[in-house]
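Please look over the sequence and the model before reading on.

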Amino acid sequence: MRGGRAFVVSANSAGLRQCFVEEGRLRFARLERTVDMVPEAFAAFVRTETGRLAQYLSTLRVLPRDGPPVQVIVVAPPGQRPAFERTL
């Protein structure tokens, strides 16, 4: 991703990695540990946590409240893509 803003979210056995990239530069990253969940619950958790991240970055004024939509790129665990597509 070269221009604009994006969230890159990856979910795996280590947990949920959320990154905020702006103009090709990493601005924020965090890893949240997770417990074992069924794919649908995990996908819902990813959706909720990504929304919370957007709200947090808006509070810090990193994301403008009335700015354009932010692209979200999700890397789903193997075999869980259908559950993520239904939920996200």
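Glutamate 40 counts as partly exposed because its relative accessibility is 39%, where buried means under 20% relative accessible area, exposed over 50%, and partly exposed in between, with a 1.4 Å probe and protein chains only. This is a predicted model, in which local features need pLDDT of at least 70 and side-chain atom pairs count only at pLDDT 80 or more, while totals for chains, interfaces and linings use all residues. Residues are numbered from 1 along each chain as its sequence is written, and side-chain values use heavy atoms, with hydrogens and water left out.

**Glutamate 40 and arginine 86**
- The side chains of glutamate 40 and arginine 86 form a salt bridge at 2.8 Å, N to O, a term for a side-chain nitrogen of Lys or Arg within 4 Å of a carboxyl oxygen of Asp or Glu.
- This pair links distant parts of the chain, 46 residues apart, with arginine 86 in helix H2 (residues 81-87) and glutamate 40 in helix H1; helices (H or I, at least four residues) and strands (E, at least two) are DSSP runs, numbered from the N terminus.
- Arginine 86 counts as exposed, at 57% relative accessibility.

**Glutamate 49 and arginine 30**
- Glutamate 49, in helix H1 (residues 39-59), is buried at 6%, whereas arginine 30 is partly exposed at 27%.
- Glutamate 49 forms a salt bridge with arginine 30, their closest N and O atoms being 3.5 Å apart.
- Because glutamate 49 lies in helix H1 and arginine 30 in strand E3 (residues 25-32), the pair ties together parts 19 residues apart in sequence.
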